[in-house]
Amino acid sequence: MSGADLADEARALVADGVARIGAAPTSDDVRAVESELLGKRSRLSELKAGMRDLDPDDRKVLGAALHETRATLEAAVADRVAELAAVERRAQLAAERLDLTESLGRASAGHVHLVTQTWERLEDVFVGMGFTVATGPEVETDWFNFEALNLPPSHPARSLWDTLYLDTSELEGVGPQQLLLRTHTSPVQVRTMLRAVRDGSGPPIYVVCPGRTYRQDTADATHLPVFHQIEMLVIDRGITMGDLSGTIETFTKAYFGQELTSRLRPSYFPFTEPSAEVDISQPDGSWLEVGGCGMVHPNVLRACGLDPEEWSGFAFGFGIERLAKIRHHLTDIRDLITNDMRFLEQF
Ligand code: DAH
């Protein structure tokens, strides 16, 4: 056969080879077809090996055709490999794709925490009963938190509150144990009375004071070191213990429902006389303590610039977490602060 005939045969390999390469479904298949078409045992290699029997002119003609054919097939292999790599990459991306719109669609918008819900509901109930809402600072002075509430510095009842004091060693003019995290919301009573006297807006005073309070306490099923209270203060003329128990009972029915009731148990608080502990009845007949109350002590009225001969009043302080515990039948108050969504989503 002449060099020209062999060159035709070489060029004839192109069309079929390119078609087979283009049809190979995976990059492994491309490599297999490549070795068949271009490898040592391929027809192309045979033709090349036969070149040595040809005369120089024929060798030249065949050589050019072989070079051209090989180059075309190699280019087809490279194209197909690149094409398949792109397809495989697209498939991988599709498989690994995170549909963010899908997860956004499913995410919940969240809701108000049970403690805040309880706080807001309590405000609603008391505002509905004609009270206004007052607030005060969480960092208090000894005077507001204790002294004005008839608890002078050496008073033994101070040990009832495990107080967290601020380190004031670097504050000029502030003695040790003068600044503290308020242990109850009762200092807001004092602030409210002083403000009313100063700006002439009262008494009469009918306020509730919800807020965060702190004690040096270890958390357990019924105690938290950071918790919330709601304080009530009424100052008017001729206020009696009957007004106090009636107000607590009205609140109990408004907040818990008609089937629950309240009772007062004699107790001691330095800022009230007489004083009582407030219990709320349970469906099973037991009672749960929610806080303390009493008739505002004359010394407290005096410290706030009010004449005990003219004004009398009552006050109470309830634990907001305790109220939530009773209303929602919680078993462990710590569930309110561990942020377990399975718990929180129930409310
Ligand atoms: N402040 C008290 C406490 O945290 C609770 C309390 C008792 C508040 C009697 C009152 C009250 O207003 O009259 O232990």
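Predicted model: local features only at pLDDT ≥ 70, side-chain atom pairs only at ≥ 80, totals over all residues.
## Ligand site

A polar contact is a pair of N or O atoms within 3.5 Å. In the side chain of Arg215, an N or O atom sits 2.8 Å from an oxygen atom of the ligand. Gln229 also faces a ligand oxygen atom, with a polar side-chain atom at 2.9 Å. The protein covers 93% of the 350 Å² of accessible area that the ligand has on its own.

In total, 16 residues surround the ligand. The closest are His184, Ser186, Arg215, Gln229 and Glu231.

## Helix H4

Helix H4 spans residues 56-96, 41 residues in total. From first C-alpha to last, H4 reaches 59 Å. That is close to the 60 Å expected at 1.5 Å a residue.

Part of H4 is buried, including Leu62, Leu66, Leu73, Arg80 and Leu84.

Seven strands form an open sheet with mixed pairing. Their order is S1-S5-S6-S10-S9-S8-S7. Strands S1 (132-133) and S7 (262-269) stand at the edges. Each has a single partner strand, so one side of each lacks a neighbour in the sheet.

S7 and S8 (residues 272-281) run antiparallel, joined by 7 bridges. Across this pair, Pro266 stands opposite Ala276 in S8.

How values were computed:
Residues numbered from 1 in each chain as written. Heavy atoms only, no water. Helix = DSSP H or I, 4+ residues; strand = E, 2+ residues; numbered from the N terminus. Expected span 1.5 Å × (residues − 1). Buried < 20%, exposed > 50% of the residue type's maximum accessible area, 1.4 Å probe, protein only. Near = heavy atom within 4 Å. Polar contact = N/O pair within 3.5 Å; in protein donor to acceptor, adjacent residues only side chain to side chain. Areas by Shrake-Rupley, 256 points an atom, 1.4 Å probe, with all protein chains shown as cover. Pairing = 2+ DSSP bridges.
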